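These are my notebook entries on a structure that I looked up. I set down what I asked and what I found.

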Amino acid sequence: MVEAVNIVLLGLLVITAVAAIRLHDLFAVVMMFGIYSLLAATVFVVLDAVDVAFTEAAVGVGISTILMLTTLGLVGRWERRPVHRPFLPLLVVVVTGAALIYGTLDMPHFGDPDAPVHQHVAPRYLEQSPDEIGIPNVVTGVLASYRGYDTLGELTVIFTAGVGVLALLGIRRRRQDEATRER
Amino acid sequence: MNVFGLYNYWIVIFLMMTGFYVVISSGNLVKKIVGLSLFQASVFILYISLGKITGGTVPILREGITLYSNPLPHVLILTAIVVGVSTTALGLALVVRIKEAYDTVEEDEIHQQDESL
């Protein structure tokens with residue numbers, strides 16, 4: 001049952017992604033991206049990743065889409081039709097895709113409990129975290145405690161990106177305002 | 001289930017390649033960033049697919065449940081989603097800045113203006 005739902009949702013993802021390629025109205029492209037993220041969040045629920053699902057639904061669907069729409073409001077809604085032919089990009093994409101599919105052929109199958117990824121630290125987290133950290137949600141325990149430095153690094157990235165956005169847009173705007181006022 | 005054993009990975013690769021195609025074939029910078037985000041979201045699906053165990057459940061500990069899905073990919077992807085949004089924001093800020101400087105967000109028009117300088 002879970003597998004059937006999974007297969008249908010992934011099919012819908014393919015349809016939205018192809019639609020995003022074919023559209024030239026950027027507003028519609030951004031909406032397709034929003035639908036894509038929401039479908040991805042639904043896939044995460046089906047695959048037992050509830051924490052990831054609500055982060056994706058809030059941050060991926062909400063904030064990303066709003067940022068993209070704000071940008072469209074500033075740069076204009078329509079994409080110019082491409083002048084060159086799509087053969088070369090298509091060739092590059094097909095070759096890359098074929099190489100990646102070749103790489104999956106000896107991967108452990110989907111849902112396989114004996115896959116190497118499930119043998120290393122994950123069982124330890126599941127067994128020890130109730131005693132060591134004492135909260136039932138293992139994902140939160142790993143995120144905030146075992147891999148706390150990852151989260152600290154993440155905050156550094158967010159801070160840097162925030163400083164970057166302010167440097168690109170915020171400070172310069174204020175100077176322009178002052179310049180117009182002086183005039 | 002053997003027929004569909006690699007189905008998730010192949011769909012993810014197809015989705016990655018649609019994102020990649022948008023990035024390299026489209027001349028519009030906003031659409032390129034949408035393509036990057038599509039690529040990114042498909043990588044998230046790949047990681048979460050790797051963490052799923054058939055018959056397993058959400059990794060929140062409860063009485064009477066023995067098999068949980070792997071929590072480690074979930075943690076990595078939680079971090080990646082937030083980092084992804086902050087890089088998208090930075091990319092879009094660059095696009096807005098390019099629009100102010102060149103008055104266009106089409107790649108070839110920007111190249112033309114650079115050459116005519």
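Entry 1. Which residues are linked with Arg80(A) in a network of salt bridges? I found that Asp108(B) and Glu109(B) are linked with Arg80(A) in this network. For a salt bridge I required a side-chain nitrogen of Lys or Arg within 4 Å of a carboxyl oxygen of Asp or Glu. Between Arg80(A) and Asp108(B), the closest N and O atoms are 2.9 Å apart.

Entry 2. I recorded the conventions. The model is predicted, so local features need pLDDT of at least 70 and side-chain atom pairs count only at pLDDT 80 or more, while totals for chains, interfaces and linings use all residues. Residues are numbered from 1 along each chain as its sequence is written, chains are lettered from A and ligands numbered from 1 in the order in which they are written, and side-chain values use heavy atoms, with hydrogens and water left out.

Entry 3. I turned to the interface. Chain A brings 87 residues to the contact and chain B brings 77 residues, where contact means heavy atoms within 4.5 Å. The buried area is about 7,700 Å², and carbon and sulfur atoms give 76% of that area; this is the accessible area (1.4 Å probe) that the two parts lose on being put together, summed over both. I noted four salt bridges across the interface of chain A and chain B.

Entry 4. I looked up a second pair across the chains. Asp48(A) and Lys52(B) meet in a salt bridge at 3.0 Å, N to O. Asp48(A) lies in the loop between α2 and α3 of chain A and Lys52(B) in the loop between α2 (29-51) and α3 (71-102) of chain B, so this pair joins two chains. Helices here are DSSP runs (H or I, at least four residues), numbered from the N terminus. Are these two residues buried or exposed? I found both Asp48(A) and Lys52(B) buried, that is, under 20% relative accessible area, with exposed meaning over 50% and partly exposed in between (1.4 Å probe, protein chains only).

Entry 5. I then looked within chain A. Arg77(A) and Asp25(A) form a salt bridge at 2.8 Å, N to O. Arg77(A) sits in the loop between α3 and α4 of chain A and Asp25(A) in the loop between α1 and α2, 52 residues apart. Arg77(A) is partly exposed at 40% relative accessibility, whereas Asp25(A) is buried at 13%.
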